[in-house]
Amino acid sequence: MTDTTDTHAAPPTSAAGASTSEGARQVRLVPESLPALDILTLAQEGRILRAERETPPDGVPVFVTRAGWDELLSHHGKGEPEEKVALTKLLPALEQISARLLAQAAEASEHHAKPAAQENAPKAPPSIFTLESDLFPSDPQTRLVLVRDRTHPVVCALLGTPAQLATLLPAQPHGGNPPADPSHPG
């Protein structure tokens, strides 16, 4: 079974495989190939927050780390009410960078699906995407990681700096963090 999911973000997909589309692009997301996290608990504990005002129909929900949110609020909110800063500055910036990173994910998945790329590629497309940006003052890298909920086959995206995301992602069997973003050196 396959759901169609917009790369701009939306209600969680709940199929064994999900498709993501941006414009005419179709992207296959296979939840089982993504790192598993307890998304609901992370949200309830306040360790992740919504990075968008509204998830479009058939989209992937995007969350930002609490550390990332606090950094942005501290940097951009100087003396303004938190709600005003969130609605006028933070959420629009997070939505814009999320759309760019999800488009990068769509492009990588599209490339991965080409027969020539499949010969030497891992079975699943990459799940970590990085852009150089000035979004987070502490790090020039803004990273988006596609993950799945541990208890449901739901795909979500987490946004933050590499260090902020490392605190949320499960260690790999060899004891390290998830593999580096193949689309970005470093």
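**View 1. Strands S8 and S9 run antiparallel and are joined by 6 bridges.** Strands, like helices, are DSSP runs numbered from the N terminus, with at least two residues (E) for a strand and at least four residues (H or I) for a helix, and two strands are said to pair if DSSP finds at least two bridges between them. A hairpin of 5 residues leads from S8 to S9, and within this pairing Arg 143 has Gly 160 of S9 as its bridge partner. This is a predicted model, in which local features need pLDDT of at least 70 and side-chain atom pairs count only at pLDDT 80 or more, while totals for chains, interfaces and linings use all residues. Residues are numbered from 1 along each chain as its sequence is written, and side-chain values use heavy atoms, with hydrogens and water left out.

**View 2. Strand S8 also pairs with S7 and with S4.** The pairing of S7 with S8 is antiparallel and extends over 5 bridges, and here Phe 129 has Leu 144 of S8 as its bridge partner. Strand S4, residues 36–37, pairs with S8 in the parallel sense over 2 bridges, with Ala 36 standing opposite Arg 148 in S8. Both S8 and S7 are mostly covered: 8 of the 9 residues of S8 are buried, as are 4 of the 5 residues of S7, where buried means under 20% relative accessible area, exposed over 50% and partly exposed in between, with a 1.4 Å probe and protein chains only.

**View 3. Leu 144 lies in strand S8 and is buried.** Its relative accessible area is 0%. Leaving out residues up to four places away in sequence, Leu 144 touches Ser 98, Leu 101, Leu 102, Ser 127, Ile 128, Phe 129, Ala 157, Leu 158 and Leu 159, a contact being heavy atoms within 4.5 Å. Thr 161 is 17 residues away from Leu 144 along the chain, and the C-alpha atoms of the two are separated by 8.4 Å.

**View 4. The largest nonpolar core has 27 residues.** Such a core is a set of buried Ala, Val, Leu, Ile, Met, Phe, Trp, Tyr and Cys residues joined through side-chain atoms within 4.5 Å. The members that touch the most others are Trp 69, Leu 94, Leu 101, Leu 144, Leu 146 and Leu 159. At least two residues each are supplied by strand S6 (62–65), helix H2 (66–76), helix H3 (82–113), strand S7 (128–132), strand S8 (141–149) and strand S9 (155–160), and the largest share, 9 residues, comes from H3. Apart from this core lies another one, of 14 residues, among them Leu 42, Phe 63, Val 145 and Leu 158. In soluble globular proteins, nonpolar side chains tend to be buried together.

**View 5. The charged end of Arg 50 sits over the ring of Phe 63.** The distance to the ring centre is 5.7 Å, and a charge counts as sitting over a ring if NZ of Lys or CZ of Arg is within 6 Å of the ring centre and within 35 degrees of the ring normal.
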